[in-house]
Amino acid sequence: MFETVLIANRGEIALRVLRACRELGVRTAVVYSAADADSAAVRLADQAVRIGPASSRRSYLNAAAIVEAARQVGAQAVHPGYGFLSEDADFAEICADNGLIFIGPPPPVMAALADKSSARALMSRAGLPLPPGSVQPVPTAAAAAEVADAIGYPVIVKAAAGGGGRGMTVVRTPGELPRAYARTRAAAQAAFGDDRVYVERYLTEARHVEVQVLCDGHGNGVHLGTRDCSVQRRHQKLVEEAPAPALPAGTLDTIAETALRGALEVGFVGAGTLEFLVDAEERFHFLEINCRIQVEHPVTEMVTGIDLVHEQLHIAAGVPLRWRQEEIRLHGVAVECRVNTEDPERGFAPTPGRLERFVPPGGPFTRVDTHASAGYVVGPWYDSLLAKVVVWAPDRELALNRLERALEEFDIAGPGVRTTIPFVRRVLDDAAFRKGRYTTGLVDRLLAASGPAPAQRPAATPTPRTAPAAEPDVSHRRTR
């Protein structure tokens with residue numbers, strides 16, 4: 001096992017990784033921006049290294065500063081968490097060039113899978129079913145129109161290098177396509193430095209089901225069952241649960257086994273997630289593979305009893321997978337909701353500010369992953385995730401009741417601060433959701449039922465996929 005791991009992230013995932021390292025006897029170092037100098041991760045880590053100002057482009061996306069921080073603390077490995085550089089093959093390659101183990105797939109595998117178009121081609125060759133559409137990027141609007149005409153509308157134009165719900169445009173009629181094509185290419189270039197896009201059939205009234213896999217560097221792999229992540233707003237997940245409800249066990253087993261076969265075929269190593277859409281006829285279609293820990297990983301941990309970050313660390317250290325498929329057992333139901341500092345009544349606009357009160361819920365089988373506390377200032381620089389509330393119960397009805405109870409207890413207050421808790425409670429009250437008969441259209445239906453469409457959320461400043469060649473702004477302090 002490693003002696004020291006550098007955690008190249010912030011917020012709740014930095015704390016999550018830090019705690020897992022400490023449980024395995026691994027020393028931790030975290031990087032932090034000027035805005036996070038007083039963060040819980042900085043306070044609890046063995047060492048902390050300031051890598052730049054609040055701007056993520058000059059701190060958490062600054063590959064040079066992060067590698068320099070790893071050198072300063074003598075780290076053998078870098079855990080990227082999720083977001084930021086977690087799926088940046090260039091960063092993984094830079095780590096390797098500097099003698100650091102990137103906790104994730106090998107750089108060539110990551111490069112192939114981070115490109116959605118390439119990943120679709122690889123998975124298609126591995127026998128995974130794809131939604132109808134183009135496997136390769138479409139070079140012109142006319143070519144996109146040909147694909148759309150062949151597969152039928154609605155379609156979705158997607159950035160090949162996309163991620164995080166960005167770089168996607170739904171097109172419902174042929175007349176919309178040229179403008180949508182140009183807009184998506186421009187957005188992809190601005191956000192990811194890559195304007196390639198592809199077109200696939202947009203499946204309405206579908207379920208978003210994903211499969212957690214673990215694969216080691218010795219050719220072994222297991223799947224840890226399914227998660228349902230259909231409660232989404234603009235491709236951003238709000239509520240997740242494991243296992244996926246209201247689908248036959250045979251269908252879930254087939255999806256999970258297919259996902260694992262695909263991961264092993266492409267040489268995946270580490271903790272990954274294969275995402276699928278399941279249509280009304282229970283046919284499933286591969287969407288993408290995520291080469292990192294997921295925000296929603298706790299629900300899988302709750303039903304399997306397996307610490308996914310522990311497993312990431314063991315796999316990265318070269319330890320053969322410690323589980324065989326027949327040893328994986330799913331127990332009960334786990335549900336997670338994300339508590340974001342956003343105002344659902346104003347189009348989910350971010351609401352940064354100081355938290356005067358922050359009292360998370362407790363109780364049996366209730367887990368809250370958060371980096372916040374009373375007095376914490378939610379800044380405008382990063383994503384709005386404040387906490388994840390995760391519950392477990394022997395059955396789904398009790399799990400949902402337990403989540404409702406937990407959200408009732410959650411006490412968050414501060415000038416101007418709003419959260420998504422009221423909207424999540426509307427989801428929990430929805431009759432179709434309660435029955436497990438919901439699709440990716442649930443959130444839009446609830447918003448439509450609440451009155452006029454909410455205001456658009458202000459567009460975020462595009463962030464390039466690759467870190468700029470900024471001068472490292474690195475200062476180091478020992479915190480423990």
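1. Basis. Residue numbers start from 1 along each chain as its sequence is written, and side-chain values rest on heavy atoms, with hydrogens and water left out. The model is predicted, so that local features need pLDDT of at least 70 and side-chain atom pairs count only at pLDDT 80 or more, while totals for chains, interfaces and linings use all residues.

2. Secondary structure. The protein chain has 15 helices and 23 strands. These are DSSP runs numbered from the N terminus: helices are H or I with at least four residues, strands E with at least two.

3. Dimensions. Along the principal axes, the C-alpha atoms fill a box of roughly 60 × 50 × 45 Å.

4. Of the 480 residues, 58% are buried, meaning under 20% relative accessible area (1.4 Å probe, protein chains only). Among contacts (heavy atoms within 4.5 Å) with a separation of 6 or more, 69% join residues 24 or more positions apart.

5. Cavity. A search of the whole structure gives one cavity of 30 Å³ or more. A cavity is a set of points, on a 1 Å grid over the protein atoms alone, where a 1.4 Å probe fits but cannot get out; lining residues have an atom within 4 Å of a point. The largest cavity holds about 80 Å³. It is lined by 15 residues, of which R10, G11, D36, S39 and A41 are the closest to its centre. The elements giving two or more residues to this lining are α1, β2 (27–33) and α2.

6. A pocket is an open set with protein on both sides within 12 Å along at least five of seven lines. Its lining comprises 29 residues, with D36, S39, H371, Y376 and V377 the closest to the centre. Two or more residues each come from α1 (11–23), α2 (40–44), β20 (377–378) and β21 (385–393); α2 gives the most, with three.

Technical notes. Buried means under 20% relative accessible area, exposed over 50%, partly exposed in between (1.4 Å probe, protein chains only). Grid points are joined across faces, edges and corners, and a volume is the space filled by probe spheres set on the points.
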